[in-house]
Amino acid sequence: MAVHFEESKTKDNLMRAFAGESQARNRYTLGAEKARKMKMYSIADIFEYTAEQERAHAERYYELLKSLSGQTIFIDGGYPVDQQESLTELLRAAEHNEREEAEDVYQEFSRVAKEEGFLEAASAFSLIAEVERSHQLRFAEVAEMLEKGHYFAEENGKWICTHCGYIFEGKQAPASCPSCHHEQGYFLPYTLAPYKGQD
């Protein structure tokens with residue numbers, strides 16, 4: 001059923017998605033600040049890395065609203081308040097929110113956009129849902145490592161210093177980097193490194 005864009009549910013859903021991604025970006029920026037205060041610098045980097053991807057998603061949704069430039073779109077929606085004290089709880093909350101976007105919210109938004117005939121918007125919702133799924137899995141993996149005490153210690157472990165790039169192998173990440181002398185909080189489990197070389 002063809003619908004005029006300015007009268008569509010898709011227009012509202014794009015604005016809801018823009019608002020949600022903008023808020024996620026800020027939540028993850030705040031999460032990074034909390035991690036940094038706890039001297040978990042590599043986890044702060046993970047939050048900031050994800051926040052920048054959320055900014056890119058918001059930008060994509062905003063681009064799809066360009067034909068309505070100069071107008072105000074009124075929407076309703078519910079958005080999470082995540083102010084947990086521990087990093088693990090913060091990561092688990094982020095995991096939950098990303099799962100909702102990937103499995104429920106964006107799937108429904110994509111369905112509606114297809115039904116209304118806005119195939120570019122439907123594709124954007126569907127593709128970004130896949131990215132949100134990767135965010136969910138990343139947050140879950142980091143939370144699990146912290147819960148099990150494997151973030152800095154693991155049999156046959158490998159870590160990369162996020163400050164200088166030094167790669168350390170052993171049972172536990174060192175208290176400070178042998179290369180640049182930055183503290184342990186800069187070490188990231190190598191499996192999470194986005195730009196790792198060949199193993």
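Two strands are taken as paired when DSSP finds at least two bridges between them. With that in mind, I began with the strands of this predicted model.

**Entry 1: the sheet**

I looked up strand 1 and strand 2 and found 5 bridges joining them, with the two strands running antiparallel. Within this pairing, I noted Lys 158 opposite Glu 169 of strand 2. I then followed the whole sheet: it is open, has 3 strands in the order 2-1-3, and its pairing is antiparallel. Strand 2 (167-172) and strand 3 are the edge strands; each has a single partner, so one side of each lacks a neighbour in the sheet. I recorded an average twist of 40 degrees from one strand to the next.

**Entry 2: the nonpolar cores**

I next asked which residues of the largest nonpolar core touch the most other members. They are Ile 43, Phe 47 and Tyr 151, in a core of 31 residues. I listed the elements that each supply at least two residues of this core: helix 1 (9-37), helix 2 (41-63), helix 3 (87-116), helix 4 (119-148), strand 1 (153-161) and strand 3 (187-189). Helix 2 gives the largest share, 5 residues.

I also listed the contacts of Ile 43, leaving aside neighbours within four places in sequence. Ile 43 is in contact with Ala 35, Leu 87, Val 142, Leu 146 and Tyr 151.

**Entry 3: helix 1 against helix 4**

I turned to the packing of helices. Two packed helices are described by the angle between their axes and the distance between the axes. For helix 1 and helix 4, the axes come within 12 Å and cross at roughly 25 degrees. Angles under 35 degrees count as roughly parallel, and helix 1 and helix 4 are therefore roughly parallel to each other. I noted their crossing as left-handed.

I then looked up the residues that meet between these two helices. Helix 1 brings Thr 10, Asn 13, Leu 14, Ala 17, Glu 21 and Tyr 28, and helix 4 brings Ala 121, Phe 125, Ile 128, Glu 132 and Phe 139.

**Entry 4: helix 3 against helix 4**

How are helix 3 and helix 4 oriented, roughly parallel or roughly antiparallel? Their axes lie 8 Å apart and the packing angle is about 165 degrees. An angle over 145 degrees counts as roughly antiparallel, and helix 3 and helix 4 are therefore roughly antiparallel to each other. I recorded the crossing of helix 3 and helix 4 as left-handed.

Conventions
Residues are numbered from 1 along each chain as its sequence is written. This is a predicted model: local features need pLDDT of at least 70, side-chain atom pairs count only at pLDDT 80 or more; totals for chains, interfaces and linings use all residues. Side-chain values use heavy atoms; hydrogens and water are left out. A nonpolar core is a set of buried Ala, Val, Leu, Ile, Met, Phe, Trp, Tyr and Cys residues joined through side-chain atoms within 4.5 Å. Buried means under 20% relative accessible area, exposed over 50%, partly exposed in between (1.4 Å probe, protein chains only). Helices (H or I, at least four residues) and strands (E, at least two) are DSSP runs, numbered from the N terminus. Contact means heavy atoms within 4.5 Å. Axes are lines fitted to C-alpha atoms, for helices over the stretch in contact, and angles run from 0 to 180 degrees between N-to-C directions. Angles under 35 degrees count as roughly parallel, over 145 as roughly antiparallel, 65 to 115 as roughly perpendicular and the rest as oblique. A crossing is left-handed if the near helix is turned anticlockwise from the far one by less than a right angle, and right-handed if clockwise.
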